[in-house]
Amino acid sequence: MEEKPRTPIANGLTWGLITGGVLIVFSLIMFLADLYLNKTVNWIGYLFLIAGMIYGTLEYRKKYTGGFLTYGKAFSTSFWIGLFAGIVSSIYVFIFMQYIHPGFINELMDQSRTAIMTSNPNMSDEQVEQALAISSKFMSPVMMTIWGLVSYAVMSAIISLILAIFLKKEDPALKVTE
C-alpha cells in the first residue's frame, strides 16, 4: 500500500510535537537535577532540537518523497519541526513559570544581579537596581513565552537554512543534461 503524500507542515507538526515533548522531558530532568539555571547545560536542549529537525526531515525524505528532497522542501519541513517544537516548549515554559515553579523569575533576577555585579564591580547599588528594574519588565511568564516563540522561530529558520544544505537530495532524473 502506497503512503499518501504528506506536506512539510503536516510532517513538521508530527515531528515538532515529538521534539517539543523531548525538550519538555529534558527540561524537567534539568529542573529535578537542580541544573535548570545552568546556562551551559541548557545548551544541550538545542542539540535535541537539531536532532529532532534532522531526524524528522530525513524520515520525511525517506517515507514521503521517494528518497529525494529539494533544498526548499528540506528547509520547509525542518523549519516547521523547529517552529512547532518551539510552540510546545514555549507553552511548557509558561506553565512552568506560572504553576510549577513560580519563584523561577526571582531566581533569574538573583542570577542576573550576581552576573551584573561580577562583570561590573564598579557599579553602584542604585545602578544595579536600575538595570534589574529594566530587566524585570521582560521577565514575566507572558513576556518570556513571547520571546521564546520569537527566538524559536528565528533559530529554526537559521538552523533550517544550514541543515537543508546537508539534508537535500536531488533526484538525478530531474536534472537537465547538458
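Helices (H or I, at least four residues) and strands (E, at least two) are taken here as DSSP runs, numbered from the N terminus. The model is predicted, so local features need pLDDT of at least 70 and side-chain atom pairs count only at pLDDT 80 or more, while totals for chains, interfaces and linings use all residues. Residues are numbered from 1 along each chain as its sequence is written, and side-chain values use heavy atoms, with hydrogens and water left out.

Beyond its neighbours within four places in sequence, Asn11 contacts Arg6, Gly56, Tyr60, Tyr64, Thr77 and Ile81, a contact being heavy atoms within 4.5 Å. Thr19 is also found in α1 and, at 4% relative accessibility, counts as buried. Residues up to four places away aside, Thr19 touches Phe48, Leu49, Gly52, Ile81 and Ala85.

The loop between α1 and α2 (39-42) holds Asp34. With 59% relative accessibility, Asp34 counts as exposed. Its phi is near 60°, a positive value in a residue other than glycine.

Helix α7 (residues 141-167) has a kink of about 30°, centred on Leu161; the bend at a residue is the angle between axes fitted to the seven residues ending there and the seven starting there. Among the buried residues of α7 are Pro141, Gly148, Tyr152, Ile159, Leu163 and Leu167. The cover over the buried residues of α7 includes α1 (8-32), α3 (44-64), α4 (71-100) and α5 (104-119).

Methods: Buried < 20%, exposed > 50% of the residue type's maximum accessible area, 1.4 Å probe, protein only.
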